[in-house]
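Please open the model in your viewer and keep the sequence panel beside it.

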Amino acid sequence: MTVTSGQDTPGKDITLNLPKLTISKTGTAVANLGTDITYTITYGNTGGLAATGVVITDKVPTNTTFKSETGGGTESGGTVTWNIGNLAAGASGTVTFTVTVAPIGPADQSKITNDTYSIDCAETDAVAGAKFETTVNAPVMSVSKVAQVGGSTVIQVPAGNDLTY
């Protein structure tokens, strides 16, 4: 049966075969200041029709700098873009990119969040990926000072006495 736009087909089930794009991300779970985080993006088309003009975009997270990518991507203005092209029904693939955590700035146990990645094609709306977080390990320093007079810890030092820290 052929259906044209606007045609009423009572009692008939019509199945539309469209691409159904999927995207997910894995990466480094814990990173130290100044070290790399590598993200792997897995994408696919679980629909019944090939997707055309497939593009993946991913923004470089705050407190990181772009380092490299695989899979033919390019970085511009803080966004990495992969022009995948056509993606057959049932096909899937992966791309990766690496960023370096700022050497100064992120606090210990803070999170670098990457939740601005998506996949799009000519036939459907863009599909956003789920949030991925990396925990930052940063040095935690504390300083304490104790005053001593004659080997004993004191709160006050009498005038004229030697003070040792």
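In which strand is the place of Ser 118? Select Ser 118 and you will find that its place is in strand S10, where strands are DSSP runs of E with at least two residues, helices are runs of H or I with at least four residues, and both are numbered from the N terminus.

Before going further, note that this is a predicted model, in which local features need pLDDT of at least 70 and side-chain atom pairs count only at pLDDT 80 or more, while totals for chains, interfaces and linings use all residues. Residues are numbered from 1 along each chain as its sequence is written, and side-chain values use heavy atoms, with hydrogens and water left out.

**Around Ser 118**

Why does Ser 118 count as buried? Its relative accessibility is 18%, and buried means under 20% relative accessible area, exposed over 50% and partly exposed in between, with a 1.4 Å probe and protein chains only. Now display what surrounds Ser 118: leaving aside neighbours within four places in sequence, this residue is in contact (heavy atoms within 4.5 Å) with Ile 23, Val 55, Ile 56, Thr 57, Val 127, Ala 128 and Gly 129.

**The antiparallel sheet**

Next, select strands S6, S7, S4, S10 and S11, which in that order form an open sheet with antiparallel pairing; two strands pair if DSSP finds at least two bridges between them. Strand S6 (74–76) and strand S11 (127–128) stand at the edges, each with a single partner strand, so one side of each has no neighbour in the sheet. Within this sheet, strand S4 (residues 51–59) is joined to strand S10 (residues 117–120) by four bridges, and Ile 56 stands opposite Ile 119 in S10.

**The mixed sheet**

Then colour S2, S12 and S9, three strands that form an open sheet in the order S2-S12-S9 with mixed pairing. Strand S2 (30–32) and strand S9 (111–114) are at its edges with a single partner strand each, so that one side of each is left without a neighbour in the sheet. Four bridges join S9 to strand S12 (residues 132–137), the two running antiparallel, and the bridge partner of Ile 112 in S12 is Thr 134.

**Strand S3 and its partners**

Move on to S3, which is joined to S1 by seven antiparallel bridges, with Ile 41 in S3 as the bridge partner of Lys 25. Nine bridges join S3 to S8, again antiparallel, and Gly 44 stands opposite Ser 92 in S8.

**The core**

Select Ile 37, Tyr 39, Ile 56, Trp 82 and Ile 119, the residues with the most contacts inside the largest nonpolar core, which has 24 residues. Such a core is a set of buried Ala, Val, Leu, Ile, Met, Phe, Trp, Tyr and Cys residues joined through side-chain atoms within 4.5 Å. Among the elements that give two or more residues to this core are strand S1 (21–27), strand S3 (36–45) and strand S8 (92–101). Not counting residues up to four places away in sequence, Ile 37 touches Thr 28, Ala 31, Phe 97, Thr 98, Val 99, Val 101, Ile 112 and Thr 134.

**The whole chain**

Finally, zoom out: the protein has zero helices and 14 strands, and its C-alpha atoms fill a box of roughly 105 × 35 × 25 Å, taken along the principal axes. Buried residues make up 29% of the 165 residues.
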